[in-house]
Amino acid sequence: MALFNKLNTPVFLKEVSDTTQYINRLKELQDRATGKVKDDIAREINLANYGEIGEKNIAFELKNSGMPMYIIHDLRLEFEELSAQIDYVVVTRKLVFFN
């Protein structure tokens, strides 16, 4: 594939994630919430924080792999009223990985 001829390291085509913005929006809501809703938002913030840590760990491993690949992070696909979010798409010479 000509796309990989001169590639010898990982390349992030999209590295930015919306997780930090999502956590900040939840924190704003949590400040105004009360009771069970406040507890539910706190639980969601906690889960989002764990997810963000996991995504950063994966990004670190991909960056330091030394393998020629293209990486797209935090990809959102929409079709009519349906949507899906893919954390990572990794494209190598022979394989495509979805996470």
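**Notebook: a sheet and its helices**

I began with helix α2 (residues 35-63), which lies across β1, β2 (69-79) and β3 and runs at about 30° to β3. For "lies across" I took contact to mean heavy atoms within 4.5 Å. This is a predicted model, where local features need pLDDT of at least 70 and side-chain atom pairs count only at pLDDT 80 or more, while totals for chains, interfaces and linings use all residues. Residues are numbered from 1 along each chain as its sequence is written, and side-chain values use heavy atoms, with hydrogens and water left out.

**Entry: the sheet**

I looked up the strand order and found an open sheet of four strands, β1-β2-β3-β4, with mixed pairing. Its edge strands are β1 (10-14) and β4 (96-98), each pairing on one side only. From one strand to the next, the twist averages 25°. My helices (H or I, at least four residues) and strands (E, at least two) are DSSP runs, numbered from the N terminus. Two strands pair if DSSP finds at least two bridges between them.

**Entry: the hairpins**

I followed β2 into β3 next: they pair in the antiparallel sense over nine bridges. F79 has L82 in β3 as its bridge partner. Two residues sit between the strands of this hairpin, and there E80 takes a positive phi near 50°.

Then I went on to β4. A hairpin of four residues joins β3 to β4, and three bridges link these antiparallel strands, with β3 covering residues 82-91. I found V90 opposite F97 and V89 opposite F98.

**Entry: the helix pair**

How do the axes of α1 and α2 cross? Helix α1 (residues 19-32) comes within 10 Å of α2, axis to axis, and the two cross at roughly 165°. I used axes fitted to C-alpha atoms, for helices over the stretch in contact, with angles from 0 to 180 degrees between N-to-C directions. The helices are therefore roughly antiparallel to each other, a term for angles over 145 degrees.

I listed the residues making the contact: among them are I23, L26 and L29 of α1, and I41, I45 and A48 of α2.

**Entry: a salt bridge**

I searched the whole structure for salt bridges (a side-chain nitrogen of Lys or Arg within 4 Å of a carboxyl oxygen of Asp or Glu) and found three. One of them joins K36 and D40, at 3.0 Å from N to O. They are four residues apart in helix α2, so about one helical turn separates them.

How values were computed
Angles under 35 degrees count as roughly parallel, over 145 as roughly antiparallel, 65 to 115 as roughly perpendicular and the rest as oblique.
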